[in-house]
Amino acid sequence: MIVLKIIGWILLGIIALIVLVLCIKLGFRIEYSNENTSVILKWFFLNLPLYPKEKKDKKPKKKVEKTEKEEEKQDKPKKEKTGDSFLKVLYNAEGTDGIIAILKKIMSYTKSFFGGSLRAFIIDELFLDIRCTKSDAASTAIYYGEVCSAVFPLLGSLASKYRIKKYDVRVYPDYIARFSDASFALTLHVTPIRFIGVTLAYVFKLLFGVLAGLLVKIFGANKEKNSDRNDNNKTKNKEKSDIK
């Protein structure tokens, strides 16, 4: 009993440690400009650069000569798979309307999953700087209006759906510069346990809302098909015995 209690406390400690680690925020820092683009992963006190990665010198691969046994294995013809494919069985069981209904259900689950997973991210900082320039003043003014009409409604929709702690957006026309320019910096974080919860909910919806019903129907269809084959074989054998 004492050993079991010790094992139980150890398991509880491991589970608590895993939950604690998953509760630590996972942050991302994305910066873009014409000169540089970088993506940094921040976790606890670690800063891990995801892009650009350091280039490593690739060692030339050594050519390995094939042995006689390996050549014999490659020369052997592959066995052809017998039986109906999963898609064919699914089509026979559900039909066109049933497959369309299943796809619609999967798409609705996937849409809710993406919405929930994106809401799990919190934007800490968002800085955007856009310089609008064209060949002449009139074109620059028109282009500046087009950029503003695209950028600010998008940011308004983003701010209404997701939490943004701090942001600074600057869009301006430049009648002297030769080229347009854009740069932004984005810092966001997510709690892994929250993202895992959204993902698990999506997986369970697919398993019990779609796959479980499909497997039951396919299994029933296969069972009926096999029973029909057995009945046909029995009748054929009976006819042969009667002829003899």
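**Labels and their cut-offs**

Me: Where does Phe44 lie?
Reply: Phe44 lies in the loop between strand E2 (37-43) and E3. Helices (H or I, at least four residues) and strands (E, at least two) are DSSP runs, numbered from the N terminus. The model is predicted: local features need pLDDT of at least 70, side-chain atom pairs count only at pLDDT 80 or more, and totals for chains, interfaces and linings use all residues. Residues are numbered from 1 along each chain as its sequence is written, and side-chain values use heavy atoms, with hydrogens and water left out.

Me: Why does Phe44 count as exposed?
Reply: Its relative accessibility is 60%. Exposed means over 50%, buried under 20%, and partly exposed in between (1.4 Å probe, protein chains only). Phe44 therefore counts as exposed.

Me: What is phi of Phe44?
Reply: It is near 60 degrees. That is a positive value in a residue other than glycine.

Me: Which peptide bond is cis, and where does its proline lie?
Reply: The bond from Tyr51 to Pro52 is cis, with omega near -5 degrees. Pro52 lies in the loop between strand E3 (46-51) and helix H2 (68-75).

Me: What makes a set of residues a nonpolar core?
Reply: Its members are buried Ala, Val, Leu, Ile, Met, Phe, Trp, Tyr and Cys residues, joined through side-chain atoms within 4.5 Å. The largest such core has 14 residues. Those with the most contacts inside it are Ile123, Ile130, Val147, Val151, Val169 and Val171. In soluble globular proteins, nonpolar side chains tend to be buried together.

Me: Which elements each supply at least two residues of the largest core?
Reply: Strand E4 (121-132), helix H4 (137-161), strand E5 (167-173) and strand E6 (181-190) do. E4 gives the largest share, 5 residues.

Me: What does Val147 touch?
Reply: Ile130, Cys132 and Val171, not counting residues up to four places away in sequence. A second, separate core has 7 residues, including Ile102, Phe113, Tyr202 and Val210.

Me: How do you know that Asp124 and Lys165 form a salt bridge?
Reply: Their closest N and O atoms are 3.6 Å apart. A salt bridge needs a side-chain nitrogen of Lys or Arg within 4 Å of a carboxyl oxygen of Asp or Glu, so the pair qualifies. The partners are 41 residues apart: Asp124 in strand E4, Lys165 in the loop between H4 and E5. Asp124 is buried, at 18%. Lys165 is partly exposed, at 47%.

Me: Why does the pair of Arg170 and Asp129 tie together separate parts of the sequence?
Reply: Arg170 lies in strand E5 and Asp129 in strand E4, so the linked parts are 41 residues apart in sequence. Their side chains meet in a salt bridge at 3.0 Å, N to O. Arg170 has a relative accessible area of 46%, so it is partly exposed. Asp129 is partly exposed too, at 23%.

Me: Why is Arg29 called buried?
Reply: Its relative accessibility is 17%, so it counts as buried. Arg29 sits in strand E1 (residues 26-32). Glu31, at 31%, counts as partly exposed.

Me: What makes the pairing of Arg29 with Thr187 a polar contact?
Reply: Their side chains come to 2.5 Å. A polar contact is a pair of N or O atoms within 3.5 Å; within protein, one must be able to donate a hydrogen and the other to accept it, and residues adjacent in sequence count only if both atoms are side-chain atoms. The distance therefore falls inside the cut-off. Contact in general means heavy atoms within 4.5 Å. Leaving aside neighbours within four places in sequence, Arg29 is in contact with residues including Ser38, Lys42, Glu125 and Thr187.

Me: How do you know that Cys132 is in no disulfide?
Reply: The nearest cysteine sulfur, that of Cys148, is 6.3 Å away. A disulfide is a pair of cysteine sulfur atoms within 2.5 Å, so Cys132 is in none. The whole structure has 0 disulfides. Cys132 is buried, at 0%, whereas Cys23 counts as partly exposed, at 40%.
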